[in-house]
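Subject: Structure for you to look at

Hello,

Here is the structure we talked about passing on to you. Please open it alongside this message, and read the notes below with the chain in view.

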Amino acid sequence: HAVILSQVLEHLADPLGLLKAVTARMVKGGVIYIGVPDCTGVTVPKTFHDFHNVQPLEHLNGFTPETLDRMAAAAGLSPLRRPAAFLGTSVLQALRSAAGLVWQPRTTDRFYAFG
């Protein structure tokens with residue numbers, strides 16, 4: 001019913017193949033979380049942050065929010081809004097979590113539904 005692929009797909013020769021294999025075993029309405037480094041705008045690593053996201057010795061793939069969404073769609077997945085989580089006791093933390101109900105940034109930490 002739920003799958004977590006955190007920091008996995010960027011290391012695989014066939015990330016779409018893995019997603020299709022996973023969705024073939026998921027129930028309709030199942031949820032998958034995918035987290036990969038966001039390589040938006042990175043062509044040649046120029047900073048430590050760029051190098052960390054690309055890591056040419058380890059990462060075989062680089063994703064942006066758009067390319068991740070397209071690959072997920074090809075595997076039969078639909079984007080979901082990130083669930084709100086109210087953690088902590090401070091007013092600032094509660095406001096930050098509540099703001100997430102209205103505005104969610106485009107990142108490569110994404111939730112998808114199957115079916």
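How many salt bridges does the count come to? The count comes to 1 salt bridge. Please keep in mind that this is a predicted model.

The salt bridge joins the side chains of Asp 69 and Arg 110, with 2.9 Å from N to O. Asp 69 belongs to helix α3 (residues 65-74) and Arg 110 to strand β4, so the bridge ties together parts of the chain that are 41 residues apart in sequence. Both partners are buried. For Asp 69 the relative accessibility is 16%, which counts as buried because the limit is under 20%. If neighbours within four places in sequence are set aside, Asp 69 is in contact with Arg 106, Arg 110 and Tyr 112.

Overall layout

The chain has 4 helices and 4 strands, and along the sequence they follow the pattern β-α-β-α-α-β-α-β. The C-alpha trace spans about 45 × 40 × 20 Å along its principal axes. Of the 115 residues, 31% count as buried. Taking the contacts between residues at least 6 apart in sequence, 74% join residues at least 24 apart.

In soluble globular proteins, nonpolar side chains tend to be buried together. In this model the largest nonpolar core has 16 residues, and those touching the most other members are Leu 9, Leu 19, Ile 32, Ile 34, Leu 68, Leu 77 and Tyr 112. At least two residues of this core come from each of α1 (15-23), β2, α3 and β4. The largest share, 3 residues, is supplied by α3.

Tyr 112 deserves a look of its own. Not counting residues up to four places away in sequence, Tyr 112 touches a list of residues that includes Ile 32, Ile 34, Leu 68 and Leu 77. Asp 69 is also among the residues that Tyr 112 touches, and Asp 69 is one of the two partners in the salt bridge.

In α3, the buried residues are Pro 65, Leu 68, Asp 69, Met 71 and Ala 72. These residues cover an arc of only 165° around the axis, which puts them on the same side of α3. They pack against α1, β2, β3 (77-80) and β4.

In α1, Pro 15, Leu 19, Val 22 and Thr 23 are buried. Their arc, seen down the axis of α1, is 95°, so they line one face of the helix. The elements that cover them include β1 (2-6), β2, α3, β3 and β4.

After α3

Ala 75 is in the loop between α3 and β3. Is Ala 75 buried or exposed? Ala 75 counts as buried, with a relative accessibility of 7%. Not counting residues up to four places away in sequence, Ala 75 touches Leu 16, Leu 19, Lys 20, Thr 23 and Phe 114. Leu 57 is 18 residues from Ala 75 along the chain, and the C-alpha atoms of the two are separated by 27 Å. Gly 76, which follows α3, has a positive phi, near 90°.

Rings

The count comes to 1 aromatic pair. Tyr 33 and Phe 111 form this pair, which is tilted, with 5.2 Å centre to centre and 55° between the planes. Tyr 33 lies in strand β2 (residues 31-35) and Phe 111 in strand β4 (residues 109-114), so the pair ties together parts that are 78 residues apart in sequence. Phe 111 is partly exposed, at a relative accessible area of 21%. Elsewhere, Lys 28 lies over the face of Phe 114, at 5.9 Å from the ring centre.

A backbone angle to check

Most residues other than glycine have a negative phi. Gln 7 has a positive phi, near 60°. Gln 7 is found in the loop between β1 and α1, where the residue counts as partly exposed at 39% relative accessibility.

Regards

Definitions and conventions. Residues are numbered from 1 along each chain as its sequence is written. This is a predicted model: local features need pLDDT of at least 70, side-chain atom pairs count only at pLDDT 80 or more; totals for chains, interfaces and linings use all residues. Side-chain values use heavy atoms; hydrogens and water are left out. Rings of Phe, Tyr and Trp (its six-membered ring) pair if their centres lie within 6.5 Å; planes under 30 degrees apart count as stacked, over 60 as edge-to-face and the rest as tilted. Buried means under 20% relative accessible area, exposed over 50%, partly exposed in between (1.4 Å probe, protein chains only). A charge sits over a ring if NZ of Lys or CZ of Arg is within 6 Å of the ring centre and within 35 degrees of the ring normal. A salt bridge is a side-chain nitrogen of Lys or Arg within 4 Å of a carboxyl oxygen of Asp or Glu. Contact means heavy atoms within 4.5 Å. A nonpolar core is a set of buried Ala, Val, Leu, Ile, Met, Phe, Trp, Tyr and Cys residues joined through side-chain atoms within 4.5 Å. The arc is that of the directions from the helix axis to the C-beta atoms.
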